[in-house]
Amino acid sequence: MKNLLKAFIFTGILVVLVIISELILISGIDIRKHGIFKSANYELLGEKKDTIDVIFLGDSLIYSSISPMEIWNNYGYTTFDCAEAAQIIPDAYNYLKFAIENQHPKIIMMEANVMFRNPSKRKMGERIAIFFKQFVPITKYHDNWKKYIDGSKKKWVNPNKGYKYITLTESSKNKNYMIYSNKYHEIPKQNLPYIKKIIDLCKENDVKLVLVSLPTQNSWHYRKHNTTEKVAKENNLEFIDLNLVDLNINWETDTKDNGAHLNYLGAKKVSDYIGNYLKETKLITDHRNDSDYKSWYRAYKKYEKNSVSN
């Protein structure tokens, strides 16, 4: 009985310590308002309200293919990757609501692949990982203690603006994965209401919604292209399929995992294309001469140092 009581007290103390640690490591976030939920949302909270022009929404194809710092340096636009590995469309919708509430972006670019992922078929390992990120965020922010040592920790800020900087190269052959087809890839029925919600939410808030497919040999094919094109036409949306655009992607050097995702070299090419597209919309402003965006210069210096060291 005494041992059981000791175990109970120990567990209680451990739980309290974990909660206190979480509050410290994700300081600057209004837990009462936002709760403990998604890591990408926390990172966006680190940005000054209404300073992000463009939100990139989607799965790992987003955070491995689009570098906001490259877009900032070359075009002066403030963008952010709100992405999560194996993201499902209900989560994308929740991210979007959060982003529009806190940032009011002019453009949302959503990776079309999330429309095809069946929420009910998520692997058990992914569900467990998401559970821990959602309810035990210390597993996500355990490195934040380093920022306290140098005195820089005021609130959670991601200097890469959601992008995951990866120089690892695992080459792939230049596969002809976009073979033309006139067939369609079915969108799971439970995803259809969320696609409509996303479209409606953007319209209600005067946000331009663009569907985009980023280069991947593993997750994309012409049947998905056809379906996405159909969704775009039916809802008067733009659709950019970068799997059909010549970006000069070298699949021997520009991928981190045999063609599934791009590495830093590939992301630079995609980011330049996206930056030029944003310029052509004439919807956003070059902030590079605006003193209110000094933090972006500081973030780019850190990013540049990382790219030079690698």
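Student: Which residue in β5 is the bridge partner of L211?

Tutor: In this predicted model, L211 has F239 of β5 as its bridge partner. Between β4 and β5, the chain passes through α11, forming a right-handed β-α-β crossover.

Student: What makes that crossover right-handed?

Tutor: The test is to let the strands point away from the viewer and follow the path from the first strand over the helix to the second; a clockwise path counts as right-handed. The crossover from β4 through α11 to β5 is right-handed, so the path is clockwise in that view.

Student: How do you know that β4 and β5 pair?

Tutor: Pairing needs at least two bridges between two strands. β4, residues 208–213, and β5 have four bridges, in the parallel sense, so they count as paired. Among the bridge partners are V210 and E238, the latter in β5.

Student: Why is β5 called an edge strand?

Tutor: The open sheet has five strands in the order β2-β1-β3-β4-β5, paired in parallel. β5 (238–241) pairs on one side only, and so does β2 (79–83), the other edge strand.

Student: Where does α11 lie, and how does it run relative to β5?

Tutor: Helix α11, residues 222–234, lies across β4 and β5 and runs at about 160 degrees to β5.

Student: Why is α6 called roughly parallel to α10?

Tutor: Angles under 35 degrees count as roughly parallel. The axes of α6 (residues 89–103) and α10 (residues 192–204) cross at roughly 15 degrees and come within 9 Å. That angle is under the limit, so α6 is roughly parallel to α10. Residues making the contact include Y93 and L96 of α6 and I198 and L201 of α10. By class, the contact holds eleven nonpolar residues, two charged and no polar.

Student: Which residues make the contact of α5 with α12, and how do they divide by class?

Tutor: Among them are E70 and I71 of α5, and K268 and L278 of α12. The contact has five nonpolar, four polar and four charged residues.

Technical notes
Residues are numbered from 1 along each chain as its sequence is written. This is a predicted model: local features need pLDDT of at least 70, side-chain atom pairs count only at pLDDT 80 or more; totals for chains, interfaces and linings use all residues. Side-chain values use heavy atoms; hydrogens and water are left out. Helices (H or I, at least four residues) and strands (E, at least two) are DSSP runs, numbered from the N terminus. Contact means heavy atoms within 4.5 Å. Axes are lines fitted to C-alpha atoms, for helices over the stretch in contact, and angles run from 0 to 180 degrees between N-to-C directions. Angles under 35 degrees count as roughly parallel, over 145 as roughly antiparallel, 65 to 115 as roughly perpendicular and the rest as oblique. Ala, Val, Leu, Ile, Met, Phe, Trp, Tyr, Cys and Pro count as nonpolar, Asp, Glu, Lys and Arg as charged, and the others, Gly among them, as polar.
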